[in-house]
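Trainee: Hey, could you walk me through this structure? I'd like to pick up the terms as we go.

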Amino acid sequence: MSSRESDRITAAQQTLDILYDISQLLNTGLDKETLATCVNMIEGGVNPEALAAVIQELRRESQALSGKPATNGR
Amino acid sequence: MDKLIRGHIQKARINSHDTFADALQAALRTLKTQAQKNNDLDSEIKTVLLPAHLQFLVALSSPPDEATFERAEYYLDGLSNPKRPVPGLTWEAILAEEPFEGEHWEGIYPRSTDDQFDAQSGSSTPSLSPWDDSDLDESVTSSIPDIDEDALPPEAAGGIDKPYLPPAAYRHRQDVEDLQARQYWRSEWRTDASTTRAFNIGDASTLGPTMYRILGDQHTNGIAGSSRQKYIHEHDAVREVLMALQGDRNMMLGWLSSGGHAFSFTPNATLKLLHLTAGAQHSILTSFARLATTLQHLRMFVSAIYAKAGKDDRDPDRPMHLLNIYRQSTLTLEAFSAAVDGQLRAFNAWCAAREEDICRAQAGAGEPLVVSLLSLDKTIRDTFSDTFTVILDVVREVTRRAWRTSEPVVDIWTLPELPMKMPPSTFGALLLDSLLVAVQEHVSMGDYVSADALMSVFSGSAEPIWAMVGRWMKDELDDEFFVEDNELPLLDPDFWTDGFVLREEGGDGDAPRRTAVPVFLSSVARSILDAGKAVGLLRVLEIAALLDRDTPGSWMAHWPSFSAILGTARGQLEGSGPASRLLFTSTEDLSQALHDAVWLHCSLAQGTLQRVLVDECDLMLHLSAIESVCLMRRGDAMSHFVDILFTKMDSKQAWNDFHFLNTAFRDVAEAGTHRWVDTSLVRFSHKGSKDKSVNRTVRALDGFSIEYAIPFPLTYVFGPKAMQIYSSIFTLVLQIRRAKSVLERILVRGAMGHASHMASEMKAFYAMRSKLSWFVNTLLNFVATNVLDAEVLRFHKDFRQAVSLNDMIRLHDEHLAKMESRCLLQRNTNALQRAIVSILDMSIHFSDCFVAFAGDTTHDISRHSILVMKRHRSRRVRRQKKDVIGFSQSMQGEADDSSESDSDFDDDRLKANAPEPSFSLGASTMSAPEESFVDRLDKMSSELDALVRFIRRGVESLAAGSGEAAPAFGVFAFALEDWDR
């Protein structure tokens with residue numbers, strides 16, 4: 001493996017770290033793994049707004065299932 | 001997207017969540033930086049998609065809560081205080097490279113990858129230095145070897161069965177201990193040699209302690225002191241001394257700033273050397289202390305001068321008079337201190353090199369070295385000799401004289417602060433002279449080391465003044481230069497001689513005047529001054545031939561530096577050994593070298609000026625015009641003029657009228673076809689109102705003056721003084737001619753033939769007249785031929801060879817002085833001159849007597865009107881009867897009002913041996929109306945005889961003298977010898 005490849009990976013890792021920091025600050029409630037998955041999906045071409053909407057939807061669903069009131073919302 | 005996030009930030013700020021806003025902003029900034037850094041299309045997270053990610057995050061974001069603020073704070077904290085390289089983090093990062101885990105990558109990965117990784121993860125590389133880790137506590141240290149193994153290059157960490165390294169901490173501690181063991185300056189340091197052994201004659205190191213034990217007990221030796229003794233090694237002591245010499249803090253010598261020995265280094269008595277007694281050590285160290293003190297004083301002096309030099313520029317609101325008159329810091333002084341500073345730095349460098357040698361030898365890297373205080377002392381003396389002591393002495397002496405105090409000066413570093421009592425130029429000269437004298441002293445003592453160093457200081461200090469010489473020759477004057485501007489207007493005739501002079505100082509009281517010219521420049525100062533003046537004048541005349549400042553390679557474009565001249569001059573003596581090379585420091589050699597350097601420029605400037613004056617200002621034309629008029633060299637025209645003048649006198653008209661004189665002259669001068677003088681430039685005038693007495697005495701003519709309006713630059717040659725002398729010579733010639741013409745008008749023969757009863761008396765008159773005219777003719781002949789003509793010819797010959805304006809002025813002045821002295825017009829021949837005037841007066845008196853005796857039988861070719869003459873004659877006769885003609889009286893009277901300045905000055909030389917000529921035709925004898933003409937003539941004759949003899953004696957004594965005019969007077973004396981025949 002070339003050093004260029006490893007550079008790229010390192011850079012990706014760092015960017016992901018920063019994105020995670022921002023996500024924490026914005027209080028999105030995403031953990032790192034979820035964020036990584038989402039980033040990957042967006043990289044893959046998923047519309048970010050749609051993805052966000054899906055996640056919101058999923059959260060509401062799970063809340064409805066557990067019967068708890070929503071802790072976050074827009 | 002950016003805008004959205006910024007909206008969040010703003011919202012946070014509005015809600016007073018500053019920390020949160022800051023954190024968000026910082027995170028955004030970091031992201032942007034990161035994006036710029038990794039602008040790679042192939043990267044896993046593409047830069048173009050970052051806005052999309054952000055959009056996603058914003059879409060999911062929820063209002064911040066307490067946990068968010070905490071996180072924000074934590075985040076900011078992490079940013080501002082980057083985490084220490086916690087081993088765990090590195091470890092984790094390495095482990096996170098999951099696909100590359102295992103032994104196989106150790107060989108594949110080059111070492112740089114690790115470094116890079118560390119660098120990019122935002123942390124600094126873990127230091128490999130064991131010193132950092134020694135501070136960590138034991139629990140951390142235990143993990144360090146493992147990390148070190150990973151961080152080490154694979155070659156080192158390759159083997160699994162590698163022996164376990166001993167804990168680094170211990171090794172480092174050991175190093176520290178070892179190093180500390182060599183730090184002799186620590187208070188707990190102890191020498192490894194025993195200080196308690198008994199005295200052993202074979203072991204030098206037992207001497208010091210033994211002596212101390214003995215003397216210390218007795219408390220008799222003050223030097224030994226009572227404090228706790230500490231012994232150090234001699235090489236360490238030498239290092240300390242070297243530091244002291246460089247003016248640094250040290251253990252051996254202490255700087256005192258108060259007390260009896262204020263501002264000096266004193267040896268420290270508590271540190272001892274094993275093999276020296278306290279007294280020996282003290283005396284050695286005292287010698288070093290003296291040198292260190294000298295050096296320190298010089299350093300303080302230099303830094304004070306530097307501080308002053310730097311401050312003056314920024315301090316324009318000081319009073320101007322202080323700034324100009326007693327500016328304490330002069331360029332020469334600054335250059336001097338720079339040169340001294342150079343010497344000090346050389347010394348410091350030398351000390352540092354010695355210290356380096358010691359350290360290298362100690363480490364085994366250099367040559368083996370014997371280090372001892374005494375050898376250091378000797379090396380210093382060999383290398384620097386007395387240089388610094390001498391410089392300090394020079395500075396002190398110069399300072400003392402600058403302040404005009406009698407007690408010796410110690411605190412020389414206050415020199416720039418206190419006002420100097422001499423102008424900067426004089427101070428500079430004093431400084432340079434003192435330096436040069438010091439150099440010469442040391443050369444004569446054979447101390448070439450000091451002399452060489454002093455010479456380099458001298459040459460550095462002389463640089464500014466030499467540069468000023470260069471600027472002066474380019475027509476720029478520095479305040480500090482030894483040439484002074486008297487601020488005369490350019491058109492002043494004295495401008496050339498007095499406009500710029502060599503600066504002098506003092507002269508009041510008994511102090512001798514001290515010039516501001518340094519001794520080594522004194523021989524060339526005059527030519528430098530003249531060259532500068534010549535350049536200035538040429539520039540004023542707008543002769544740009546060779547002086548164009550802006551043309552490269554022209555006048556003074558390459559002014560060599562002083563050291564360059566010195567170098568060239570020394571180079572010529574190269575090869576004859578260093579001793580003779582240094583002998584070059586004598587003042588004569590220096591002057592010669594400088595003379596060679598400036599001669600070309602000086603002669604060029606002067607020569608150009610001379611050519612310009614002669615060629616473009618028509619110098620010779622004006623000169624010949626002046627001579628034609630004043631010396632009556634143009635005989636025919638001037639004879640006409642004189643005749644017109646005498647006619648006017650005889651006809652009792654106002655002959656001294658300004659307009660008459662000048663009109664008459666103009667008519668005469670312009671009569672011929674040849675224009676020999678520009679009449680508009682000549683002005684005749686007569687001061688005084690003695691026109692009435694002109695028929696009694698030739699002294700009435702004394703007020704004559706001729707002005708020649710010479711054009712501008714030539715006024716320097718033909719100044720008012722010169723014209724005054726010309727006028728006086730003109731007057732003398734005019735007087736002689738007046739007497740001559742009066743005598744010649746008397747017609748003795750024939751006219752009186754019918755009066756036979758008067759025949760005998762007529763003979764007496766005839767004899768008298770011939771005697772008088774003989775003398776007058778002899779005198780006129782001598783003056784016209786042997787004085788004026790001969791001198792003018794000689795002067796013209798010399799004048800053509802003059803190469804500078806100064807030469808011209810000098811030659812011309814000499815020429816005038818010669819003519820004046822030969823015409824007996826100078827003060828030391830006052831008596832002779834008066835005798836001559838008496839004889840001339842006698843001629844006029846004789847003429848009057850004759851007219852009274854025989855009626856007006858004078859022959860006057862220019863008599864116009866009988867009527868007028870008759871009236872005049874009657875008046876003259878009437879006056880003759882009532883008038884009292886006393887020559888001695890009239891002479892006295894004339895002398896009083898015509899030459900008052902002369903009356904104080906009687907001759908010095910002739911007064912002693914020659915009697916005052918007494919023309920004793922006393923008033924009583926003259927006034928007796930019944931006195932016969934014969935008696936009167938007898939008296940006159942004897943009087944004339946006495947006067948001529950007196951003049952003859954005087955002239956003979958002048959001819960016998962050793963003066964340069966003796967031959968000329970010889971001629972006159974020879975001619976006067978005929979009187980007796």
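**Helices and rings in chain B**

Mentor: Let's begin with helix H26(B), where Leu619(B), His622(B), Leu623(B), Ala625(B), Ile626(B), Glu627(B), Ser628(B), Val629(B) and Cys630(B) are buried. Buried means under 20% relative accessible area, exposed means over 50%, and partly exposed is in between (1.4 Å probe, protein chains only). Helices (H or I, at least four residues) and strands (E, at least two) are DSSP runs, numbered from the N terminus.

Trainee: Before we go on, where does the model come from?

Mentor: It's a predicted model, in which local features need pLDDT of at least 70 and side-chain atom pairs count only at pLDDT 80 or more, while totals for chains, interfaces and linings use all residues. Residues are numbered from 1 along each chain as its sequence is written, chains are lettered from A and ligands numbered from 1 in the order in which they are written, and side-chain values use heavy atoms, with hydrogens and water left out.

Trainee: Okay, back to H26(B). How many of its 12 residues are buried?

Mentor: 9 of the 12, so H26(B) is mostly covered.

Trainee: What follows H26(B)?

Mentor: Met632(B), with a positive phi near 55 degrees.

Trainee: And what about H13(B), is it mostly covered or mostly open?

Mentor: Mostly covered: 11 of its 12 residues are buried. H13(B) spans residues 234-245 and reaches 16 Å from its first C-alpha to its last, close to the 16 Å expected. Just after H13(B) comes Gly247(B), with a positive phi of about 80 degrees.

Trainee: Which helix do the axes of H13(B) cross with?

Mentor: H17(B), residues 373-384: the two axes come within 9 Å and cross at roughly 35 degrees. Axes are lines fitted to C-alpha atoms, for helices over the stretch in contact, and angles run from 0 to 180 degrees between N-to-C directions. Leu373(B), Leu376(B) and Ile380(B) make the contact from H17(B), and the residues from H13(B) include Glu234(B), Val238(B) and Leu242(B). Contact means heavy atoms within 4.5 Å.

Trainee: Changing topic: how many aromatic pairs are there over all chains?

Mentor: A search of the whole structure finds 22. Rings of Phe, Tyr and Trp (its six-membered ring) pair if their centres lie within 6.5 Å; planes under 30 degrees apart count as stacked, over 60 as edge-to-face and the rest as tilted.

Trainee: Why is the pair of Phe301(B) and Phe336(B) called edge-to-face?

Mentor: Their ring planes sit at 65 degrees, so the pair is edge-to-face, with centres 6.1 Å apart. Phe301(B) is in H14(B) and Phe336(B) is in H16(B), 35 residues apart. Both Phe301(B) and Phe336(B) are buried.

Mentor: Phe641(B) and Phe684(B) form a tilted pair, 4.9 Å centre to centre with 35 degrees between the planes. Here Phe641(B) lies in helix H27(B) and Phe684(B) in strand S9(B), 43 residues apart.

Trainee: How buried are those two?

Mentor: Phe641(B) has a relative accessible area of 1%, and Phe684(B) has 0%.

Trainee: Which residues do ring pairs link into a cluster?

Mentor: Phe347(B), Trp350(B), Phe384(B) and Phe388(B).

Trainee: Last one: how many helices and strands does chain B have?

Mentor: Chain B has 39 helices and 10 strands, and 44% of its 981 residues are buried.

Definitions and conventions
The expected span of a helix is 1.5 Å times one less than its number of residues.
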